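Student: Could we go through this structure together and check each label against its cut-off?
Tutor: Gladly; have a look at it first.

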Amino acid sequence: MKITVIGAGAGIGLQTVIQALERGHTVKALSTDTSAIPDHHLLTKINGSATITADLKQALKDSDAVLITVGTKNKKATTLFSDIAKALITATAELNFLSPVLIITGFGSGESKNYLSFFMRTVIRLFLKEQYSNKTLMEELIVNSTVNWEIIRPGMLTNGPLTQSYQVLPQLKKGMKVGKISRAAVAHFLVTEAENTRFLRQYVTLTT
């Protein structure tokens, strides 16, 4: 199938590109810096921004699934995620794009903030408050749009190895335990879900 990865230059995005190619998919990879992505005969690199509608339209066109994996190390106030949501909504509308769009935010955004452990609540409040506030806005914009969305909220990300023993939790429950998960495992879920979407228009939590 034809898969587009937005935010493909590092982290979850880069892992997703590599795993999708290993599984024989044709991949378009959009990033502001594609230099770290290994060349492949099934890969098209697009140097561009997820906040620019024209760049997104180029990446989305003719894709069977879109995986949005953009992150930032900026811990100050940001509008990155809501800007991506606005550009995505415009791009999908102009293309009449109906394929699934899987979007990574994080456990702690939206309603999931009420289910955080004390430790994670403290980490987000002290270091990631602005990021998660804007991720919540991103979710709200997407959910209230015509995008064929799925919101994926991983726990604390690590650079650990790929494991397929992670948990996929489609419901928020009192006492749920959400800890660490490797970026490689998140990428595995994204590619698997793109191949056979099970949770469209749902929020999904990932943890090991």
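Student: Why is K45 called partly exposed?
Tutor: The relative accessibility of K45 is 29%. Buried means under 20% relative accessible area, exposed over 50%, and partly exposed in between, with a 1.4 Å probe and protein chains only. So K45 counts as partly exposed. Bear in mind that this is a predicted model, where local features need pLDDT of at least 70, side-chain atom pairs count only at pLDDT 80 or more, and totals for chains, interfaces and linings use all residues. Residues are numbered from 1 along each chain as its sequence is written, and side-chain values use heavy atoms, with hydrogens and water left out.

Student: What makes K45 and D39 a salt bridge?
Tutor: Their side chains meet at 2.9 Å, N to O. A salt bridge is a side-chain nitrogen of Lys or Arg within 4 Å of a carboxyl oxygen of Asp or Glu, so the label applies. D39 has 68% relative accessibility and therefore counts as exposed.

Student: How do you know that K57 and E94 meet in a salt bridge?
Tutor: The N to O distance between their side chains is 2.8 Å. K57 lies in helix α2 (residues 53–60) and E94 in helix α3 (residues 80–95), so this pair ties together parts that are 37 residues apart in sequence. Helices (H or I, at least four residues) and strands (E, at least two) are DSSP runs, numbered from the N terminus. K57 counts as partly exposed, at 27% relative accessibility.

Student: Are E139 and R153 buried or exposed?
Tutor: E139 is buried, with a relative accessible area of 2%. R153, at 3%, counts as buried too. Their side chains meet in a salt bridge at 2.7 Å, N to O. That pair links distant parts of the chain, with E139 in helix α4 (residues 118–143) and R153 in strand β6 (residues 149–154), 14 residues apart.

Student: How many salt bridges does the whole structure have?
Tutor: A search finds five.

Student: What makes the protein chain as compact as a globular protein of that length?
Tutor: The chain has five helices and 10 strands. Its radius of gyration is 16 Å, close to the 17 Å that the globule rule gives for 208 residues, so it is as compact as a globular protein of that length. The radius is taken over C-alpha atoms, and the rule is 2.2 Å times the number of residues to the power 0.38. Buried residues make up 51% of the 208 residues.
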